[in-house]
Amino acid sequence: MDGTRSAESPVPDNGGEFDPKEAARILQQATSQAQRTFDLKRPLIWVIGGAVTFLAYGALWFSVRDQHPYKGPSLATIAGVYVVIVVAIAVSAKMLQRATKGVSGPSRALMAGEGIAVVVAYLATAVIQGALHHAGVSPAIVYGIFPAAAPLVIVGCTVAGSAGSRRDWQMFGGALAVVSVGIAGLFVSAAASWAVVGIGLFGIALVAAIAKAWLQHRKLVLT
Amino acid sequence: MTADELDPLIHVPARLRIVATLAVLPSGDALTFSRLQDMIGLTAGNLITHLRKLEDAGYISTEKTGNGVASRTTVELTREGRAALEAYTSALRGLLTGL
């Protein structure tokens with residue numbers, strides 16, 4: 001491994017003979033390697049996550065696009081989306097476990113607290129959906145506009161609050177963008193709501209990927 | 001600006017790798033000795049030597065928990081360590097711009 005050779009090379013302990021260009025290279029390499037190891041919010045992850053979300057919402061839209069009157073996505077589509085969600089959660093948990101191996105400190109507890117808050121926010125939308133069904137609200141709301149758009153508004157606000165409290169302005173901005181997409185999804189037809197949300201979330205993921213890549217590059221560039 | 005202005009404690013390949021790796025973690029977070037060793041690729045003895053120098057300078061803090069086989073040592077970059085790396089990076093950038 002190149003890094004091992006560099007780290008073990010017999011350079012004077014005071015660094016006197018250590019070329020600044022070589023120092024810049026090592027600094028960039030070590031930072032980049034550590035970012036790849038610890039940071040799950042990498043550009044490629046954003047793109048993959050955005051594409052999976054787009055396909056899931058696209059499948060839901062596809063199953064309802066010609067419904068008159070609106071009845072809601074087919075059971076097969078919903079089951080397929082749940083399988084994707086379960087697989088995505090399992091893969092994310094495995095990646096998180098690998099990335100945070102050996103890491104301890106306040107960020108772990110914060111991450112767990114935020115995770116619980118997001119799950120509770122999702123469950124809250126399911127409870128409200130049940131209440132709307134119980135109240136006899138139309139299927140276009142109960143099985144269309146509400147499940148497509150409301151989770152984005154509720155969960156987005158939850159994440160924005162958490163990100164703002166720890167001054168993570170990138171996450172704060174992203175969460176507000178998600179809330180905006182959710183609001184846009186509330187003001188279109190039930191079928192269109194799935195499409196608006198899918199396209200909106202994919203767009204946010206792409207912007208996040210580009211922003212992350214640019215920030216990483218800017219932080220690393222020394223020469 | 002000359003290379004002499006670069007912090008000699010950080011301006012060593014192994015210690016630069018150690019500090020740069022720990023700096024990526026959020027402030028207050030620590031990394032186990034074994035994971036750091038895996039990432040840096042140094043022998044345990046070499047890593048201990050470099051960590052001791054950084055700890056003496058107040059750039060890192062270490063904590064040992066447990067006993068015997070279950071013991072675990074964690075390493076954390078201190079606020080002074082982060083400031084030192086920022087100053088080093090800034091000095092390095094200035095030096096390279098002038099080349």
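Predicted model: local features only at pLDDT ≥ 70, side-chain atom pairs only at ≥ 80, totals over all residues.
**Confidence, chain A**

I looked up the confidence of chain A before anything else. The mean pLDDT of chain A is 88, and 90% of its residues score at least 70. I then asked which helix of chain A has the lowest confidence. That is helix 1 of chain A, residues 2–8, with a mean of 42. At the other end stands helix 7 of chain A, residues 169–186, where confidence is highest, at 95. I also noted that residues 1–12 of chain A stay under 50 in pLDDT. For this stretch the model has 20 contacts beyond four places in sequence.

**Chain B, overall**

I listed the secondary structure of chain B and got four helices and three strands. Read from the N terminus, the order of elements is α-β-α-α-β-β-α. The C-alpha trace of chain B spans about 50 × 25 × 20 Å along its principal axes. Chain B has 99 residues, and 38% of them are buried. I looked at contacts in chain B with a separation of 6 or more: 58% of these join residues 24 or more positions apart.

**Helix 3 of chain B**

I looked up its buried residues, which are L47(B), H50(B), L51(B) and L54(B). They cover an arc of only 100° around the axis, so they sit on the same side of helix 3 of chain B. On the other side I noted G45(B), R52(B) and D56(B), which are exposed. The cover over the buried residues of helix 3 of chain B includes helix 1 (13–23), helix 2 (33–40), strand 2 and strand 3 of chain B. After helix 3 of chain B comes G58(B), with a positive phi near 80°.

**Helix 4 of chain B**

I finished with helix 4 of chain B, residues 79–97. It has 19 residues and reaches 27 Å from its first C-alpha to its last, close to the 27 Å expected at 1.5 Å a residue. The residues I found buried in helix 4 of chain B are G81(B), A84(B), L85(B), Y88(B), T89(B) and L92(B). Their arc around the axis is only 135°, which puts them on the same side of helix 4 of chain B. The face turned away from that buried side carries the exposed residues R79(B), A83(B), E86(B), S90(B) and T97(B). What do the buried residues of helix 4 of chain B pack against? I found helix 2 (20–38) of chain A, together with helix 1, strand 2 and strand 3 of chain B.

Notes. Residues numbered from 1 in each chain as written. Chains lettered and ligands numbered in written order. Buried ≥ 20, exposed ≤ 12 C-beta atoms within 10 Å, placed from the backbone. Helix = DSSP H or I, 4+ residues; strand = E, 2+ residues; numbered from the N terminus. Arc of directions from axis to C-beta. Contact = placed C-beta atoms within 7 Å. pLDDT = per-residue confidence, 0-100. Expected span 1.5 Å × (residues − 1).
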